[in-house]
Amino acid sequence: MDDPVEQVRLQEILPQHTWQDPRVILRYRRRRALGHLVAVLAVVCIVIVLSPLLDIAFMFFYRGALAISIPNLAMTSSDGGLANAIVGTLLITALAGLVAIPIGVIGGIYLAEFSGQSRYAQSIRFIADVLSGVPSILLGYISFVIFILYFGWGRGGVGSGGSLLAGAIALSVLMLPYVLRTTELSLRKVPNSLREAATALGATKAQMINRMTLILALPGILTGVILSASIAIGETAPLLITAGNSNYYSACLTSCPTSYLTYLIWNFVTSANSINGESLAYLSVFLLMSFVIGLNIIARVGLRRFSKI
Amino acid sequence: MNVELAKLRTVDRVYKCLSGAIGSAAVIFLGLALAVLLYYAYPSILLNGVEFFRGTRWSAQLGGKIVTLNGVRTINGDSFGILVFVVGTLASSTIAVLLAIPAGIGTAVFLTQVAPPKVAAPISLMMETLAGIPSIIYGFWGFLVLGPFLVNDFEPLIAQHLGFIPFLAGPVGGTSGLLAGGIILAIMIIPIIASVSRDTMIRTPKELKEGARALGSTRWEVTRRIVLPFAKTAIVGSIILGLGRALGETMAIAMLLGAGNHQLPTSIYSPVSTIAAFMLQELNIANAEPTGIDIAALMELAIVLLMITVTVNVIARLLIKQGFAGSSENVVRV
């Protein structure tokens with residue numbers, strides 16, 4: 001018993017007659033050693049978990065940065081660049097947002113402000129959560145069946161035809177649950193005392209929501225919107241099924257195929273005969289990761305500062 | 001004055017009804033999706049019956065003699081069996097979950113119990129950000145780095161030294177197999193398990209933890225006997241949530257394993273295909289099939305995948321909800 005701190009701790013926690021009992025001391029030390037062992041294992045764990053993630057980040061940022069060049073960025077795929085893919089990805093995401101954001105925000109307002117804990121609202125919440133776990137390929141299939149098989153937009157499948165709007169709608173279903181639930185959660189964070197104050201001043205419910213709660217919840221709602229956009233930007237499977245691919249800028253909404261960044265990666269891995277395929281694949285990974293990580297940082301760190309609640 | 005008030009009240013009522021109707025979009029979508037899929041899958045259900053789940057061969061003829069079987073037009077020699085893909089999906093997801101459970105919980109323990117907050121906060125942020133990386137990038141990394149490493153270095157080593165364990169022996173080499181798929185899926189679902197587990201473990205009541213410490217428990221004993229039991233339900237929920245993600249993952253598997261492996265796995269190195277990866281690649285072929293039966297069969301496969309993932313997700317959500325019961329905040333997770 002040379003460690004005075006340990007001596008004191010043992011005296012604090014053990015009955016007096018056991019203070020000097022070597023078996024008790026040994027047992028206590030063993031228990032502490034087990035704790036240290038587990039701590040070491042947890043550190044090993046986090047290292048194992050983080051190392052592939054860091055390898056992915058560093059490898060692709062490095063190789064992608066090497067592939068940056070003006071022709072790669074400025075030309076269309078027909079000339080060995082990916083300008084049309086950047087435009088396509090942004091266009092698809094914007095269209096998907098155009099569908100998902102109004103529906104999600106208005107639905108979120110209903111869940112937070114009008115519904116309370118009614119069974120109808122509970123089931124909407126539950127289905128929205130379940131919908132966020134439906135594999136994206138199924139969303140692509142459903143969009144394919146409705147828009148391409150039934151409506152006949154850009155008839156054809158992977159590589160032969162496709163429809164920009166069908167792809168965007170598939171992604172909007174992907175975004176919807178995130179927007180809906182984050183809108184609800186950020187509206188719920190607005191303190192009820194403010195709602196009561198607004199009502200006491202004579203505001204109707206509509207006035208209260210539109211002029212107060214929505215504005216206070218805006219940073220939170222934007223966080224959800226941005227995170228859902230970052231998910232949509234990196235989505236591939238539903239687009240491969242519905243949006244086809246194209247070497248040019250997309251010319252129309254419903255029956256024109258479009259190009260998008262993730263397609264270039266898929267194309268490089270699965271077919272060997274693409275022009276300038278390797279450097280375009282790395283460059284598109286670079287751009288995707290920059291978009292996704294940038295949007296995540298804006299959403300998680302940047303917007304928090306504007307939050308007044 | 002009263003007219004004005006009545007008008008405002010009407011506005012409120014319209015607002016409520018309209019937003020309620022729009023809010024149900026998710027429910028309507030899921031119902032519509034199921035109806036549409038069932039409609040298109042109907043010929044396949046008629047044609048294949050139970051054989052759909054028992055058969056191990058999926059081969060859709062692109063040309064040949066068109067025959068009518070059970071009232072459905074099909075081509076002579078067509079066969080639609082999904083057992084291979086179901087087994088491939090379940091096996092790769094099982095490996096993923098087995099690997100991700102210790103790693104995910106260990107990470108959560110590190111973040112909440114071991115690391116000081118100043119270390120834990122940036123690591124959490126980094127993990128959440130990296131969890132947002134699209135699955136196609138994981139697949140690309142698997143294709144470039146993980147797959148070759150496993151096939152050339154890791155798998156021969158295991159097969160040589162641990163070959164006496166069932167499923168660990170067997171021919172190695174060639175292409176990426178079950179193990180590669182399982183590992184890439186594990187890497188993708190660890191952040192899900194870790195972040196939900198962390199969120200519940202943080203919520204362990206301070207009184208319980210401090211009480212246990214005061215009674216002489218070491219830090220690990222507090223974690224083992226207080227924190228983990230408290231968070232148990234939500235942790236199980238998060239594992240099932242991760243399972244749901246692994247079951248439906250498409251791109252990573254399609255890039256790493258491909259979709260052309262139509263045999264049942266014999267070891268953890270066997271190349272397999274999963275339902276989702278097969279659905280992605282077969283649709284192209286189905287478009288060229290003249291009778292449309294291949295598309296119908298794919299829609300039936302889509303229903304199977306929808307049923308599996310929805311069931312898994314419902315269970316996960318219920319468990320997580322129960323695990324978070326009593327806390328004011330709800331969870332929104334991937």
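This is a predicted model: local features need pLDDT of at least 70, side-chain atom pairs count only at pLDDT 80 or more; totals for chains, interfaces and linings use all residues.
Residues are numbered from 1 along each chain as its sequence is written, while chains are lettered from A and ligands numbered from 1 in the order in which they are written.

## Exercise 1: the build of chain A

Find how many helices and strands chain A has, and set its radius of gyration beside that of a compact globule.

*Solution.* 
- Step 1: chain A has 12 helices and zero strands. Helices (H or I, at least four residues) and strands (E, at least two) are DSSP runs, numbered from the N terminus.
- Step 2: for 309 residues, a compact globule would come near 19 Å, but chain A has 27 Å. The radius is taken over C-alpha atoms, and the globule rule is 2.2 Å times the number of residues to the power 0.38.
- Step 3: along the principal axes, the C-alpha atoms fill a box of roughly 85 × 65 × 35 Å.

## Exercise 2: two domains

Locate the domains of chain A and describe the contact they make.

*Solution.* 
- Step 1: domain 1 covers 4-66 and domain 2 covers 75-306, with bounds from an automatic or database domain assignment.
- Step 2: the contact takes five residues from domain 1 of chain A and five residues from domain 2 of chain A. Two residues are in contact if their C-beta atoms, placed from the backbone, lie within 7 Å.
- Step 3: taken over C-alpha atoms, the centres of the two domains are 42 Å apart.

## Exercise 3: helix H5

Work out the span of helix H5 of chain A and name its packing partners.

*Solution.* 
- Step 1: H5 (residues 119-131) has 13 residues and reaches 18 Å from first C-alpha to last, close to the 18 Å expected. The expected span is 1.5 Å times one less than the number of residues.
- Step 2: its buried residues include A:Ala121, A:Ile124 and A:Arg125. Buried means 20 or more other C-beta atoms within 10 Å of a residue's own, exposed means 12 or fewer, and partly exposed lies in between; C-beta atoms are placed from the backbone.
- Step 3: these buried residues pack against H4 (83-115) and H7 (164-188) of chain A, together with H1 (2-23), H2 (25-48) and H12 (293-323) of chain B.
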